[in-house]
Amino acid sequence: MVSRDALGPVPESRRRFLEQMLKAGVATALAPALVRAAATAESAGDLHLATFRCDVTPPAGHSLCGGWIKPAAAVDDPLEAIGLVLLGAGAPIVICAVDWTGLLNDAHLDWRSALAAAAGTVPDRVAVHCVHQHNAPLVCPEAARLVAEQRDLPAVYDRDFHRRCLDAVQAAVVAALPRARPVTAVAQGKARIDGVASNRRVARDAAGRIAVMRGSSCKDPALAALPEGLVDPWLRTVAFYSGTEKIAACHYYATHPMSYYGDGRVSSDFCGLARKRRQAEEPGCTQLYFTGCAGNIAAGKYNDGTPAARGRLTERIYGGLVAAAATLRPAPLRKIEWRTAAVELPPNPALGPGALRELMDPRREPAPALRMRPAFKLALLDRCARRVPFALSALHLDGVALLHLPAEPFVEYQLFAQEVRPGRDVAVAAYGDGGPWYLPTRAEYPAGGYEVDFAFCAPEAEALLRGAIAGLLG
Ligand SMILES: [Zn+2]
């Protein structure tokens, strides 16, 4: 139990404690086990919740999507980092959603460490997830270092801007803690959404290999007419109450969130726009939106990439948020449990460092975008060589479970998480640490396609992830 007066600015003694915990985390990363699990359960009797938000809109000229699309030229609507801190059930727990494309490797740890220091907890009790919009920043320090070795390439991101965002989110947490309110009830609801999520991998040849990808937008009527394919059509909401007042609502839905991008116009896109509309309607309730396991899911079947389509998709997500809210039945909260699993994922054997460095050579490959992407693969190889595990976690609120996963898992992982708890819903946030890019299922590697080309981890990752998910939820 954390005493209430322990909150506020981080004192020197706690800073030292946090540093020791961080060092301990690094030390255990070197342990031989591929999966390490831990759990703490507490009574929810003194649970308090504080919410925070800050602006993370990039300045004009900042790279978007890591630098291989047009940089920021205008802002259609601002990007935000929005989160909540749970106090009074062991060390504080922090959950945060960021309107960025991705936070990869050390950048993800930077965010978890910064939020932990501000909230007075350890990075293991912090979950940070990107919504994965594409006219938005993508941050990977190691890839940025490799790309910066070649002067003609654009920067992956701006370090000073990133530092300012970390400072802003820390200040937002410190300011939020004194405003924490008691949590008296929790509710879970859901609504089916039609006409948004569709599978990207439906066009296959006779051998089952991916012939062409149905992307996040699709102007080919024949491709759009193919079946929706495997999706999870449910938008899930988990809400926190203080007395009769709903004070925070976390929403989860599995689709790539892009309607169109690449025009330099920064936007939280259709999922963020729906969230903002709901926020305006419910100003007293902080709305958080998380993208689920959407590695092979996008709006392509229902999206021709026009502004009108963005409007329609926004309307459908918004409709889901409203419909899910109508199913919420708050019940008193008795027990809260935080479980973690640190998983080392093996790199894809198809990635050879020598060949990747050659692909970055301008004499061999003139297209800047194609010279930048190998840097992200090299960053993952470097991370695996350092044996830095991926942090998975689950928050159990009596019968409600929130699952936090890395990168871009295929929707099959989310459906598996539901199977682990038959009869009970699991709200899944993916796009945590984005280091591995796509996480296909093992069976999908031989089928190839874009997602497999950009799957930085080996097919064996599936068994490790399934084992960790079962441990977190079982
Ligand atoms: Zn993606």
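Two strands count as paired if DSSP finds at least two bridges between them. Helices (H or I, at least four residues) and strands (E, at least two) are DSSP runs, numbered from the N terminus. The model is predicted: local features need pLDDT of at least 70 and side-chain atom pairs count only at pLDDT 80 or more, while totals for chains, interfaces and linings use all residues. Residues are numbered from 1 along each chain as its sequence is written.

**The whole chain**

Begin with the entire chain in view. Its secondary structure comes to 12 helices and 25 strands. The radius of gyration, taken over C-alpha atoms, is 21 Å, close to the 23 Å that the globule rule (2.2 Å times the number of residues to the power 0.38) gives for 474 residues, so the chain is as compact as a globular protein of that length. Along the principal axes, the C-alpha trace spans about 60 × 45 × 45 Å.

Two residues are in contact if their C-beta atoms, placed from the backbone, lie within 7 Å. Among contacts between residues at least 6 apart in sequence, 80% join residues at least 24 apart. A residue is buried if 20 or more other C-beta atoms lie within 10 Å of its own, exposed if 12 or fewer, and partly exposed in between, with C-beta atoms again placed from the backbone. Buried residues make up 52% of the 474 residues.

**The five-stranded sheet**

Next, select β1, β20, β21, β22 and β24. These form an open sheet with the order β1-β20-β21-β22-β24 and mixed pairing. β1 (35-43) and β24 (426-429) stand at the edges with a single partner strand each, so one side of each has no neighbour in the sheet. From one strand to the next, the twist averages 15°.

β21 pairs with β20 in the antiparallel sense over 8 bridges; here Ala341 has Leu392 of β21 as its bridge partner. Within β22, Leu403 is the bridge partner of Ala394, and Ala401 stands opposite His396. The hairpin of β21 and β22 has 2 residues between the strands, and Asp398 takes a positive phi near 50° there.

**Helices beside the sheet**

Then select helix α10, residues 411-420, where Val411, Glu412, Tyr413, Gln414, Phe416 and Ala417 are buried. What covers the buried residues of α10? The cover includes β18 (297-298), β22, β23 (408-409), β24 and α12.

**Two loop residues**

Most residues other than glycine have a negative phi. Select Cys65, in the loop between β2 (48-55) and β3 (74-75). Although not a glycine, Cys65 has a positive phi of about 55°. Cys65 counts as buried because it has 22 C-beta neighbours inside 10 Å.

Finally, move to Arg387, in the loop between α9 (368-385) and β21. The phi of Arg387 is also positive, near 55°. Arg387 has 13 C-beta neighbours inside 10 Å and therefore counts as partly exposed.

Note on methods: Axes are lines fitted to C-alpha atoms, for helices over the stretch in contact, and angles run from 0 to 180 degrees between N-to-C directions.
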